[in-house]
Amino acid sequence: MMISPDAFLSQYENASYSELLKLKNELVQKIADFETDFDMKDSGWALKPSPDVHYQWNLEVLGKVASMLQEAFNKEYEWGEKSIADYYNDMKENF
């Protein structure tokens, strides 16, 4: 049984912009992996829930992470202590 997207994202409620960015990148990679490696002939999936369910779950979480990213970006770089000039250095250090 999979955890709901909202329950999963509750652990990221107070996450920083860079933490959310890492999560977004992981989700995008998982989505791309499914889209590029999907094989219709493999109908005997032993994984439950099946990969297509994981794909849909990842898409749903990604949609929600996008708005969380926007809020975190604004909180840290637009309205917070950091300036937009700090963004480049932060991304260089974390990615």
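Author: Here is a walk along helix α2 and the helices it meets. A quick word first: this is a predicted model, in which local features need pLDDT of at least 70 and side-chain atom pairs count only at pLDDT 80 or more, while totals for chains, interfaces and linings use all residues. Residues are numbered from 1 along each chain as its sequence is written, and side-chain values use heavy atoms, with hydrogens and water left out.

So, α2 itself covers residues 17-37. Helices here are DSSP runs (H or I, at least four residues), numbered from the N terminus. With 21 residues, α2 reaches 30 Å from its first C-alpha to its last, close to the 30 Å expected at 1.5 Å a residue; that expected span is 1.5 Å times one less than the number of residues.

Let's take α3 next, residues 51-78. Its axis and that of α2 are 8 Å apart, at an angle of about 155°. Axes are lines fitted to C-alpha atoms, for helices over the stretch in contact, and angles run from 0 to 180 degrees between N-to-C directions. That angle makes α2 roughly antiparallel to α3, a label for angles over 145 degrees. The residues of this contact split into 19 nonpolar, one polar and five charged.

The axes of α2 and α4 come within 11 Å and cross at roughly 55°, which makes α2 oblique to α4. Oblique is what remains once angles under 35 degrees (roughly parallel), over 145 (roughly antiparallel) and 65 to 115 (roughly perpendicular) are set aside. On the α2 side, Y17, S18, L21 and K22 meet Y87, M91 and N94 of α4, where contact means heavy atoms within 4.5 Å. Sorted by type, the residues of this contact are four nonpolar, two polar and one charged.

Conventions
Helix = DSSP H or I, 4+ residues; strand = E, 2+ residues; numbered from the N terminus. Nonpolar A, V, L, I, M, F, W, Y, C, P; charged D, E, K, R; others polar.
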